[in-house]
Amino acid sequence: MAARSSRALAALAAALLLIGLTACSGAAKPALVPSDTGADPVVTVSVVDNRYEPAEVEIEAGQAVRWVFEGAMEHDVVAEDGSFVSELVTEGEYVHVFEEAGEFPYDCSVHPEMTGRVVVR
Ligand SMILES: [Cu+2]
């Protein structure tokens, strides 16, 4: 009985190891926040100390913005028009590709005083 359950445990451990290896292979770096795929980010906005730095960025259509979350408090990135929304997190990054020209104001759902703007040419 004891031998059988330890063999079952060994099989379970091997299965878990295999799952772990499969999940890890091919992942270049862990993305803590789901990001849109597509263009490489051309500008990075730091989300720290209850502000976006820089608060306004300008890119070309088809380019992407990367928000990097740091610090102890949870923040997110929520477009005024709802066209992009990140998760509420304390760390990690969020990337959004802007396909259309326009001005995209956004803020943090927890801290309405945190505002930013992406201008797409
Ligand atoms: Cu916030």
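Select A79 and then Y106: in strand β7, Y106 is the bridge partner of A79. Strands here are DSSP runs of E with at least two residues, helices are DSSP runs of H or I with at least four residues, and both are numbered from the N terminus. Residues are numbered from 1 along each chain as its sequence is written. The model is predicted, so local features need pLDDT of at least 70 and side-chain atom pairs count only at pLDDT 80 or more, while totals for chains, interfaces and linings use all residues.

Now widen the selection to β5 and to β7, residues 102-107; the two strands run antiparallel and are joined by two bridges. Two strands pair if DSSP finds at least two bridges between them.

With β5 and β7 they form an open sheet of four strands in the order β3-β8-β7-β5, with mixed pairing.

The cut-offs are 20 or more other C-beta atoms within 10 Å for buried, 12 or fewer for exposed, and partly exposed in between, with C-beta atoms placed from the backbone. Show A101 as well: A101 and V120 are 19 residues apart in sequence, but their C-alpha atoms are 4.6 Å apart in space. Leaving aside neighbours within four places in sequence, the contacts of V120 include I59, F98 and F104. Contact means that the C-beta atoms of two residues, placed from the backbone, lie within 7 Å.

Move on to the largest nonpolar core, which has 14 residues; V45, V47, Y52, V65, W67, V77 and Y94 have the most contacts inside it. β1 (41-48), β4 (64-69) and β6 (92-97) each supply at least two residues of this core, and β4 gives the most, with three. A nonpolar core is a set of buried Ala, Val, Leu, Ile, Met, Phe, Trp, Tyr and Cys residues joined through C-beta atoms within 7 Å.

Centre the view on W67. Beyond its neighbours within four places in sequence, W67 is in contact with V45, V47, V77, S86, E93 and Y94.

Finally, show the whole protein.
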